Amino acid sequence: MLRVSLPVDGPKWGPGFWRLNTSLLGSGAFVKAFTRCYSTVRALRPLYTSVVEWWEAAKSRFASFCRLHAVGARRRDGAEVTKWTEALAYLHGRLNRGESVDWAAYEGAKERLRGLLEARAKALAFQARLRELEEGERPTAYFFQAARARRGASAIAGLRRVDGTLAEGPVMLAVAELYYAKLFSRRACDPAVEARLLACVSARLGAEEAQAMEADVTLEEVREALMGLRDGRAPGHDGLPKEFYVAFWHLLGPDLLEVYRTLLKRGALSASMQKGVLVLLHKGGGDRSFAAGYGWAGESRPDLRGSGRSCSWNLILLRDVLDWVEERICLWPWVSIDQEKAFDRVQHGFLFGVLGRMGLGPRFIGWVRTLYAGAYSCVRVDGFLSGAVEQAGGVRQGCPLSPLLYVLFMEPFTELVRRDPGVDGVRLPGAAGKVLKIQQYADDTTLFVSSVRSLGRIRP
């Protein structure tokens, strides 16, 4: 007997979760088959106690249908690949024997096989989230080798516990779960500090705007929210991406509207909607084994109020102020504050207080509460999912509303700095006498002060 042991480099990857290959949506046969499937599932709706219960079962049936159809399509493609491979082998045999060959048929067979293999490669690339292939790179051996290297670079080989010991393999899930359970836990706040910060809120919605925010959700609003999602993103962990809902909007739209209105009215999401998947993104630099070195990216906002502004304005403003100060040889200190895990430390009670101070009505605030009532997340580490982590604090990853909620959460602090007479800002030319004191980009805050005494006011 000969025993051979082969080492496996890198961590073991888990199964992750299924996601629909959107190339199926371009198949007329798939579209017709799903339309029939939807009619069958829709006819079962009277058997359920509520539209929400029916929708939970319907999504599961839709996902199962798509998976089965994808398996069937792969089998048919495999049969096609075998057919054209054998045809090419037969033609090659004739060439090797010196027999005549129909060159048009030969080139046609080669082209057909090439198309089938490239389609298969694109399907694999979709599963691996390889954007480069979608942008035109051919599925060469070098491409897939580079893709494997990138995936290996994103792997998490180990996470350190609080005591500094390194956890590897399945134990990493428990370490990540414990870390985020503590991070998302409820935090006690000083009532006096809360009251002081809330008193600084001056921005308020007008009566007409507030009334409009209290109106029922419309079908067009649901569609606009859907179209605002990035391609390839799945609203839930059921694996049905944005493109699926867009392709079948004429079927799903009215039912989705009824589901959302029912959820908002009862003040609680469905079981599948309460669950989120937290994907760890290393921020670069440092030890990759520390959980604190991972996070997720948010959006940005300019400090200047108004609509139609771009986040690039922050960089332009920073550059212009720097040039202006250097030109006048002003020795002004600047303070840059990077809040650790800022999006994950949002205190819900204070956030709802800010929304109320800004004039948002009780119905809209209730809708925001609904998004976080019973919400929880599972941490994904190398394709494996941890246990449930209650979202008692912080904003949800991947939710389009999260960056906006964080901006509103930070507004009282921003106003406090603006109003403080002890903080001397920078008076810029051409700004109609306005004083620049603070600029924010996501969770990064820059304070512009023109005196040393101001440092004592802003120092924590």
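1. Ground rules. This is a predicted model, in which local features need pLDDT of at least 70 and side-chain atom pairs count only at pLDDT 80 or more, while totals for chains, interfaces and linings use all residues. Residues are numbered from 1 along each chain as its sequence is written, and side-chain values use heavy atoms, with hydrogens and water left out.

2. Lys341. Most residues other than glycine have a negative phi. Lys341 has a positive one, near 50°. Lys341 sits in the loop between β6 (334-338) and α14 (348-357). Helices (H or I, at least four residues) and strands (E, at least two) are DSSP runs, numbered from the N terminus. Is Lys341 buried or exposed? Lys341 is buried, at 6% relative accessibility. Buried means under 20% relative accessible area, exposed over 50%, and partly exposed in between (1.4 Å probe, protein chains only).

3. Asp382. Here phi is also positive, about 55°, and Asp382 is not a glycine. Asp382 belongs to the loop between β7 (376-381) and β8 (384-390). Its relative accessible area is 6%, so Asp382 is buried.

4. Gln274. This residue is part of helix α12 (residues 271-274). Gln274 is buried, with a relative accessible area of 18%. What does Gln274 touch, leaving aside residues up to four places away in sequence? The contacts (heavy atoms within 4.5 Å) are Leu269, Ala373, Gly374, Ala375, Tyr376 and Arg396.

5. Arg45 and Glu258. The structure holds 14 salt bridges. A salt bridge is a side-chain nitrogen of Lys or Arg within 4 Å of a carboxyl oxygen of Asp or Glu. One of them joins Arg45 and Glu258, at 2.5 Å from N to O. Arg45 lies in the loop between α1 (28-43) and α2 (51-96) and Glu258 in helix α11 (residues 249-266), so the pair ties together parts 213 residues apart in sequence. Arg45 is buried at 17%, whereas Glu258 is partly exposed at 34%.

6. Lys242 and Asp231. Their closest N and O atoms are 3.0 Å apart, in a salt bridge. Lys242 is in helix α10 (residues 242-247), and Asp231 is in the loop between α9 (219-227) and α10, eleven residues apart. Lys242 is buried, at 8%. Asp231 is exposed, at 58%.

7. Arg418 and Glu411. This salt bridge has its closest N and O atoms 3.4 Å apart. Arg418 is partly exposed at 24%, while Glu411 is buried at 7%.

8. A network. Salt bridges with shared partners join Arg42, Arg45, Asp255 and Glu258 into one network.
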